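Here is a short report on a two-chain model. Look it over first, then read on.

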Amino acid sequence: MAPLGRAALLLTFGLVLYALVAGAIGARQRRRRLALSARNALYAAFGTTVVAALVLLAALARRDFSFAYVAEHTNRDLAGGYALSAFWGGQEGSLLLWLLILTGYASVAVWLAGRTAKELVPWVVPVFGAVATFFAFMLVFVSSPFHTQPAPADGAGMVPSLQNPYMLAHPPLLYLGYVGLTVPFAFAMGALLSKQTDERWIVVTRRWTLAAWTFLGVGQLLGAHWAYVEIGWGGYYAWDPVENAALMPWLAATAFLHSVMMQEKRGMLKVWNAILVSLAFCLSIFGTFLTRSGVINSIHSFAQSPLGGWFLGFIVVTVVVSAALIRLRLPLLRSRTTLESLVSREATFLYNNLLLVAFCLTILWGTMWPILTQAVRAEPSTISKPYYNFFLHSFGLPLLLLMGIGPLVAWRRASLRAVGRTFLVPFAAAVATGGALLAVGLGSSLPGLLAYTFSAFVAASIVYEFVRGTRATGSLMRLVARNRRRYGGYLVHAAVLMLAIGVAGSSAYQTVRERGLKPGQSMEVAGYTLTYESLGTRDVRNAQAIRAVVDVSRNGSHVTTLTPGKNTYPVAPGGPQTSNEVSIYHDPRNLGDLFTIADQIDAKSGTVFLKVLVKPLVNLIWAAGFLFVFGALVAMWPDAVEQRRLAQRYAAAAAARA
Amino acid sequence: MTAALVLAAVLAVVAAMLVARPFLRDPEPASDRLDELTERERRRLELAEERDRALAALKELEFDHRTGKVADEHYRETVGPMRVRAAEALRALERFDAAAGGDEPRMVEIPDPLPPPGEPKPPDPVPDPVPEPYPPPDEADPPEPARVPEPGPLGVET
């Protein structure tokens with residue numbers, strides 16, 4: 001079936017190239033049938049990409065090792081689910097996933113936009129075509145998943161760390177987010193190309209942006225949990241270049257989601273929004289480049305290849321073209337309104353944007369530092385955790401505080417009296433929390449203390465906002481139904497708050513102990529007594545497992561038994577590999593974890609070097625994910641009143657033309 | 001191999017048919033011109049967006065006042081000019097539609113702030129209610145008017 005896959009990809013390439021060229025000519029020369037034909041080419045490209053994807057999935061399911069890709073990423077003993085996840089485990093497959101999602105998104109977005117932004121669509125099609133052409137070109141001419149070979153007896157297997165259930169969801173969700181940012185970019189560029197810089201591109205892409213941003217956020221959270229339970233170092237975020245690569249577009253998209261409200265409500269920041277949407281898209285391509293090029297050493301660089309040059313070229317072209325287009329259309333993007341006061345909701349959005357973008361750019365600088373030093377000094381130099389932590393504290397803490405201030409301040413202009421009155425309750429909550437933390441001796445970490453104090457301020461402001469809104473409208477449901485975007489946004493803020501509390505608790509107040517233990521010996525960690533009892537081995541599918549049995553007690557009472565250890569995978573790319581298998585006890589008392597790692601195991605003497613971490617509140621991070629998704633769904637849920645209003649606005653133009 | 005090639009050929013034919021469909025369905029069109037917004041339509045869209053923004057801003061102000069984010073005196077200072085702006089935006093759109101022979105339905109009126117109980121009722125406003133053709137984006141229904149003293153003729157009355 002490989003020839004079918006190759007043919008399908010070749011057809012996709014031809015179709016998206018046609019969508020680019022015919023679409024551009026059709027839009028430029030106002031030729032209706034040519035523009036429609038280009039749009040249909042996008043639809044057809046989705047169909048042909050689906051066929052290519054099905055061919056690869058079938059080969060993975062059948063472990064057809066005549067496909068070089070299948071042989072390189074799976075083996076016969078690999079569980080079926082993981083074999084299918086190999087679709088995005090390697091470079092060629094993940095490029096195919098990019099193209100599949102892109103053509104799917106493009107088809108649906110273009111089809112839906114035909115109702116509200118019909119005149120914009122002909123200009124959007126070639127932009128989608130251009131991005132898809134790049135990926136189709138890579139798949140056809142540079143990195144095809146359909147290379148065949150004489151089938152070996154078994155495959156090379158999968159990297160052990162990828163054999164984790166989170167890998168079934170984390171990469172596809174990230175890709176749904178990365179690729180989703182193409183939709184607002186394509187419509188923004190289409191609007192600039194066609195000089196239709198009114199609000200339609202924002203109206204059409206509002207939910208797409210929010211969905212992409214949500215996917216990216218959830219994808220990162222799942223990735224953090226994967227790192228936490230799988231990599232076995234005791235953390236969930238290491239400022240790894242590839243982790244940063246997902247964080248940067250998310251930060252840019254967060255800034256865009258806030259600043260776009262200023263364009264909708266006040267007609268301001270049109271240039272800034274065009275820049276942000278381009279930045280978010282370029283960073284999403286940069287993220288794929290980092291993951292797939294292997295230019296930077298990363299725990300995520302599972303697939304290294306010479307794709308870097310192509311991606312870099314594409315990023316440079318995208319940056320230059322979008323910057324030139326924004327520059328060319330500046331006269332159309334000038335806003336007629338200005339910021340009335342530095343104490344207003346608009347101003348808080350502006351401060352939020354400046355901090356988010358500054359944070360994003362400092363991460364970009366830190367991530368690119370090894371590439372830059374490699375280019376200048378022929379010797380890469382890396383930037384370590386203190387650099388990122390400094391900027392996390394410098395930008396993250398003010399951002400946290402702004403999350404509480406923003407909702408309390410009125411649009412346009414807020415008087416100091418009103419601000420003082422609305423700040424009273426949250427300020428009192430913050431002072432009380434800070435004082436209580438100091439009183440119980442938790443002032444050892446200034447960032448931790450500030451994070452909790454600010455979190456109390458934000459939590460109180462969110463609750464206060466809901467209470468006052470409910471009082472004003474008479475019911476909570478009515479309040480939320482009237483403005484889903486605002487109150488869904490507050491729920492997302494509450495999720496970010498939970499995340500901040502979890503991060504502060506699990507990093508600023510964590511306890512770490514490490515010790516070599518012989519059977520029968522114990523160690524004390526933050527009130528827990530861990531007694532190493534025995535060592536055992538067992539066979540698991542695709543690996544041999546060795547586990548240390550550790551009894552955990554507190555105040556003399558048995559709490560649980562943990563079994564940290566290691567798995568040895570005899571079949572893995574590059575030869576047998578060993579992975580750390582951590583064992584965790586979730587403590588409901590402090591929402592934290594007792595996290596154990598068997599760092600070294602001496603099977604002969606039975607000695608185990610045990611690393612134990614006590615991470616208070618860490619489970620709030622994962623719980624925040626559920627609230628994050630719920631808040632995003634509330635914000636995205638269609639609003640019938642708004643739909644009617646917009647339909648009326650755009651129908652009037654269509655009726656006038658008819 | 002052969003089956004794969006046959007399937008690939010079928011796929012190519014289906015894709016080609018879909019791409020060629022606009023030309024096959026309409027080989028000799030009366031006009032092959034793509035719809036585009038005329039200057040007039042663009043202007044109308046701008047006015048409609050301005051109207052929506054003005055009305056939404058007014059609703060935001062009302063809501064912020066009711067939830068205590070905007071003090072009474074600030075509300076009184078601001079509501080008048082904002083009502084004027086909203087009224088101007090509505091009239092501009094109406095004038096534009098009237099000039100072209102179009103019209104839009106009137107649905108809602110901008111609420112007037114009510115005087116507090118016990119205060120003399122202000123004189124009836126000039127009977128020129130500002131039509132609101134739809135509920136603006138942030139509040140589905142117009143909120144209850146705020147109970148603050150009306151210092152004088154505001155917005156549309158002047």
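Predicted model: local features only at pLDDT ≥ 70, side-chain atom pairs only at ≥ 80, totals over all residues.

Residues are numbered from 1 along each chain as its sequence is written, while chains are lettered from A and ligands numbered from 1 in the order in which they are written.

**Domains of chain A**

Chain A is split into domain 1 (1-158), domain 2 (159-331), domain 3 (396-509 + 621-631) and domain 4 (511-615). The bounds come from an automatic or database domain assignment. The centres of domain 3 and domain 4 of chain A, taken over C-alpha atoms, are 38 Å apart.

**A four-stranded sheet**

Helices (H or I, at least four residues) and strands (E, at least two) are DSSP runs, numbered from the N terminus. Two strands pair if DSSP finds at least two bridges between them. In chain A, four strands form an open sheet in the order 1-10-9-8, with antiparallel pairing. Strand 1 (511-517) and strand 8 (583-587) of chain A are at the edges with a single partner strand each, so one side of each has no neighbour in the sheet. On average, neighbouring strands of this sheet are turned by 15 degrees against each other, direction ignored. The axes behind this angle are lines fitted to C-alpha atoms, for helices over the stretch in contact, and angles run from 0 to 180 degrees between N-to-C directions.

Strand 10 of chain A has these pairings:

| Partner of strand 10 (chain A) | Sense | Bridges |
|---|---|---|
| Strand 1 of chain A | antiparallel | seven bridges |
| Strand 9 (592-602) of chain A | antiparallel | nine bridges |

Opposite Lys611(A) in strand 10 stands Glu514(A). Val512(A) faces Leu613(A) of strand 10, and Thr596(A) stands opposite Val612(A) of strand 10. Seven of the nine residues of strand 10 of chain A are buried (20 or more other C-beta atoms within 10 Å of the residue's own, with C-beta atoms placed from the backbone). Four residues lie between strand 9 and strand 10 of chain A in their hairpin, where Gly606(A) takes a positive phi near 80 degrees.

**Nonpolar cores**

A nonpolar core is a set of buried Ala, Val, Leu, Ile, Met, Phe, Trp, Tyr and Cys residues joined through C-beta atoms within 7 Å. The largest has 199 residues, and Ala19(A) and Ala252(A) touch the most other members. Another core, of 25 residues, lies apart from it; Ala418(A), Ala57(B), Leu61(B) and Val79(B) are among its residues.

Chain B has three helices and two strands. From the N terminus on, they run α-α-α-β-β. Buried residues make up 35% of its 158 residues.

Contact between two residues requires C-beta atoms, placed from the backbone, within 7 Å. By this rule, 51 residues of chain B are in contact with 56 residues of chain A. On the chain B side, helix 1 (2-25), helix 2 (39-66) and helix 3 (72-100) each supply at least two residues. Helix 2 of chain B gives the most, with 14 residues. This side of chain B divides into 28 nonpolar, four polar and 19 charged residues. Here Ala, Val, Leu, Ile, Met, Phe, Trp, Tyr, Cys and Pro count as nonpolar, Asp, Glu, Lys and Arg as charged, and the others, Gly among them, as polar.

How values were computed. Buried ≥ 20, exposed ≤ 12 C-beta atoms within 10 Å, placed from the backbone.
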